[in-house]
Amino acid sequence: MTTSLQELLAGWITGQRWFAGKGRAIDDLSIDSEIEIAGGDPALLHLVVCVRQGDRRTRYQIPVGLREHLPDRLEHVRIGRCRRDGREAEVYDALHDSALTAHLLEGMATDHGFDGLAFHRAHGVEIDTSQRSLVLTAEQSNTSLVYGDTYIFKLFRQLSPGTNPELEIITALAGAGSSHVARPYGWIETTLQDEPTTLAIMQEYLRNANEGWSMALTSVRDLYASPEGMPAEDAGGDFAGEARRLGAATAQVHRELARAFPTGTIEPPELKRMTERFRRRLDRAIAEVPRLGEHADVAAEAFDRLGDLAHEVPVQRVHGDYHLGQVMRTMTDWVVLDFEGEPGQPLAERRALDSPLRDVAGMLRSFEYAARHLLADHPDADGLEHRAREWSERNRAAFLAGYSEGGGRVRGDEAVLLRALELSKAVYEVVYEARNRPTWLPIPLAAFR
């Protein structure tokens with residue numbers, strides 16, 4: 001019996017890191033769109049599939065390759081074998097085949113279009129089509145390719161109708177001359193439910209940059225290895241100077257976003273509704289993780305103070321998923337990545353105006369994780385607890401100082417809002433860690449001191 005392409009994909013998709021429906025059976029998989037980008041052998045097809053799981057329907061983007069014979073170097077991305085157009089063909093994940101991904105680069109370089117698929121080159125750039133691609137393996141929700149050492153191409157696997165926030169933001173900030181975003185080179189889009197929908201974005205690849213998370217972990221390890229009693233500022237790899245510069249860069253990005261997009265305010269009644277949402281989330285979290293109940297008063301007090309605010313709060317476009325893994329240190333400054341917001345959330349929510357302090361809260365939580373996650377399985381975790389607290393407090397303070405110096409506000413009412421946002425995020429983290437990494441549960445619980 002010949003297996004259909006739909007059947008092959010239904011069996012394969014559940015094992016992919018970016019598949020959002022793990023743990024639930026697939027009731028149906030249909031192909032909503034099939035566009036041939038390149039014919040012959042190998043051939044490149046662009047597919048949009050719809051996966052139904054119960055009452056949930058989710059669209060995914062899958063470029064597939066077709067070859068009569070699959071070489072050994074592509075065997076690890078084989079999907080299966082099916083009959084198409086009267087002949088047998090091996091089907092595989094095309095993003096791992098540089099012979100096929102060259103067509104994506106060529107399409108953006110020439111502003112080429114297909115029936116239902118449009119390639120765009122960013123204004124004022126030239127694209128070198130001689131670069132060969134390599135798949136990066138670290139991402140969970142998307143797939144990224146690096147072309148040579150020049151471009152990084154991010155393909156969004158899960159699709160929602162509409163323009164991706166990342167494309168909106170990087171093109172606006174780059175057009176305004178921001179030094180804190182990687183230069184955009186092009187994008188691909190299609191139409192879903194009558195809306196232009198972003199499929200992929202290509203930007204400058206920051207080949208000589210260092211990730212903020214890796215830099216922070218190096219600093220933490222150096223502190224843990226330093227002699228007992230040595231201050232954090234004297235240990236090798238002190239991160240506080242970089243944390244301060246990162247705070248200033250964050251404030252500058254927030255100012256640039258406020259200039260490029262509409263802004264607004266949240267009135268006190270909405271703050272009270274926000275407070276109620278935080279309280280309900282806390283109650284649900286305590287029901288699932290009773291240990292959090294010991295610290296409920298700390299969170300409740302912070303939420304009560306937020307509800308008592310009598311002044312409006314400014315809101316604007318923000319990053320939405322801000323942490324040390326989303327920033328890169330180049331030779332000259334910090335660059336912010338991945339403005340798409342929380343993957344899996346509706347686009348309307350990811351594009352909604354919010355307080356810039358939500359990004360600040362996310363980064364402060366990231367400092368806590370950098371300081372403490374190495375203690376999870378450490379034989380001297382108790383002895384190093386004070387060092388973790390020292391590192392976190394030092395770098396949090398440095399980041400906030402830099403944010404203030406850069407024009408960000410964290411005084412008075414802003415500090416009340418920031419504390420509530422940070423503890424609300426820690427409540428979410430408690431539930432996540434209890435479900436997925438129980439040995440990491442002390443990290444978010446430490447936020448409620």
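**Exercise 1.** Work out in which order the strands of the open sheet lie, and which strands are at its edges.

*Solution.* Start with the order: seven strands line up as β6-β7-β12-β13-β10-β9-β8, with antiparallel pairing. Strands here are DSSP E runs of at least two residues, helices H or I runs of at least four, numbered from the N terminus. Two strands pair if DSSP finds at least two bridges between them. Next, the edges: β6 (113-114) and β8 (133-135) each pair on one side only. Now zoom in on β12 (residues 184-192) and β13 (residues 195-204), which are joined by eight bridges. Glu-189 sits opposite Thr-198 in β13.

This is a predicted model, where local features need pLDDT of at least 70 and side-chain atom pairs pLDDT 80 or more, while totals for chains, interfaces and linings use all residues. Residues count from 1 along each chain as its sequence is written, and side-chain values use heavy atoms, leaving out hydrogens and water.

**Exercise 2.** Find which residues touch the most other members of the largest nonpolar core.

*Solution.* First, the term: such a core is a set of buried (under 20% relative accessible area, 1.4 Å probe, protein chains only) Ala, Val, Leu, Ile, Met, Phe, Trp, Tyr and Cys residues joined through side-chain atoms within 4.5 Å. Of its 110 residues, Phe-153, Met-202, Phe-367, Trp-391 and Phe-448 touch the most other members. Then see who contributes: helix α11 (residues 413-436) gives the most, with ten residues. Finally, another core of 21 residues lies apart from it, including Leu-8 and Val-51.

Key: Buried < 20%, exposed > 50% of the residue type's maximum accessible area, 1.4 Å probe, protein only.
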